[in-house]
Amino acid sequence: MTKTVVMILFIAACVALGALSGAGNQPGEWYQSLNKPFFNPPSWIFAPVWTFLYILIGVALSATWYDENNGRRLVLFAIQAALNLLWSPVFFGLQSPALGLVVIIPLLVSILMFIATSWRENRAAAWLFLPYAIWVAFATLLNLSIVLMN
């Protein structure tokens, strides 16, 4: 397979897995009843932001896939992917902001570790993860605020 085909497959897989995780764990009435901070974004913003981020994540995976000595970065990628997919079922499915916080903090750490370990080997992959890190840092603050307000 060419690198372009692999990149398209990785993007499609990231977007599809993210969509499945989100679709199976909709916020619903429980989430609407929670006290939220003033900086809570409108609900319509999440799908386009996550779609964009999953595209960037897929491109970063594709870029990393072909690197030499990529084992550690691929492990970090797998860890962040698993934690990312776990957060929605924990937060929304189990209706547990506190447990969501337990998932999202290591998610953020694993994203930052991926960026740090990619910085010298594949700066493009590191840059592609930066918007993801910023969004998850914001989501971590939002998750913490919901825990503290409820």
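Visitor: What is the relative accessible area of Ser62, and is this residue buried or exposed?

Guide: Ser62 is buried, with a relative accessible area of 7%, where buried means under 20% relative accessible area, exposed over 50% and partly exposed in between, computed with a 1.4 Å probe on protein chains only. Before going further, please note that this is a predicted model, in which local features need pLDDT of at least 70 and side-chain atom pairs count only at pLDDT 80 or more, while totals for chains, interfaces and linings use all residues. Residues are numbered from 1 along each chain as its sequence is written, and side-chain values use heavy atoms, with hydrogens and water left out.

Ser62 lies in helix 3, helices here being DSSP runs of H or I with at least four residues (strands would be runs of E with at least two), numbered from the N terminus. Apart from residues up to four places away in sequence, Ser62 touches Lys3, Val6, Met7 and Phe10, a contact being heavy atoms within 4.5 Å.

Asn69 counts as exposed at 70% relative accessibility, and its phi is near 50°, a positive value in a residue other than glycine. Asp67 has its place in the loop between helix 3 and helix 4 as well, and its partner is Arg73, with which it forms a salt bridge whose closest N and O atoms are 2.8 Å apart. The term stands for a side-chain nitrogen of Lys or Arg within 4 Å of a carboxyl oxygen of Asp or Glu, and the structure holds one such salt bridge. As background, side chains of opposite charge can pair when their charged atoms come close. Arg73 itself counts as buried, at 3% relative accessibility. With neighbours within four places in sequence left aside, Asp67 is in contact with Arg73, Glu121 and Asn122.

Helix 4 also carries Gln80, which is buried with a relative accessible area of 1%. The side chain of Gln80 reaches the backbone oxygen of Phe77 at 3.0 Å, a polar contact being a pair of N or O atoms within 3.5 Å, where within protein one must be able to donate a hydrogen and the other to accept it, and residues adjacent in sequence count only if both atoms are side-chain atoms. Beyond four places in sequence, Gln80 is in contact with Ile57, Leu107, Ser110, Ile111, Phe129 and Tyr132. For Ser110, which is 30 residues away from Gln80 along the chain, the separation of the two C-alpha atoms is 5.5 Å. Further along, Gln95 sits in the loop between helix 4 and helix 5 (97–118), has a positive phi of about 55° although it is not a glycine, and counts as partly exposed at 44% relative accessibility.

A pocket is computed on a 1 Å grid over the protein atoms alone, as an open set of points where a 1.4 Å probe fits, with protein on both sides within 12 Å along at least five of seven lines, and its lining residues have an atom within 4 Å of a point. Grid points are joined across faces, edges and corners, and the volume is the space filled by probe spheres set on the points.

The largest pocket holds about 800 Å³ of space. It is lined by 36 residues, and those closest to its centre are Phe46, Trp50, Trp87, Ser88 and Phe92. Two or more lining residues come from each of helix 1 (3–23), helix 2 (28–32), helix 3, helix 4, helix 5 and helix 6 (123–149), with helix 6 giving the largest share, seven residues. By class, this lining has 23 nonpolar, twelve polar and one charged residues, where Ala, Val, Leu, Ile, Met, Phe, Trp, Tyr, Cys and Pro count as nonpolar, Asp, Glu, Lys and Arg as charged, and the others, Gly among them, as polar.

The second largest pocket holds about 160 Å³. Of its 14 lining residues, Cys14, Leu17, Phe77, Ala81 and Leu85 lie nearest its centre, and helix 1, helix 3 and helix 4 each supply at least two residues of the lining. This lining has eleven nonpolar, three polar and no charged residues.
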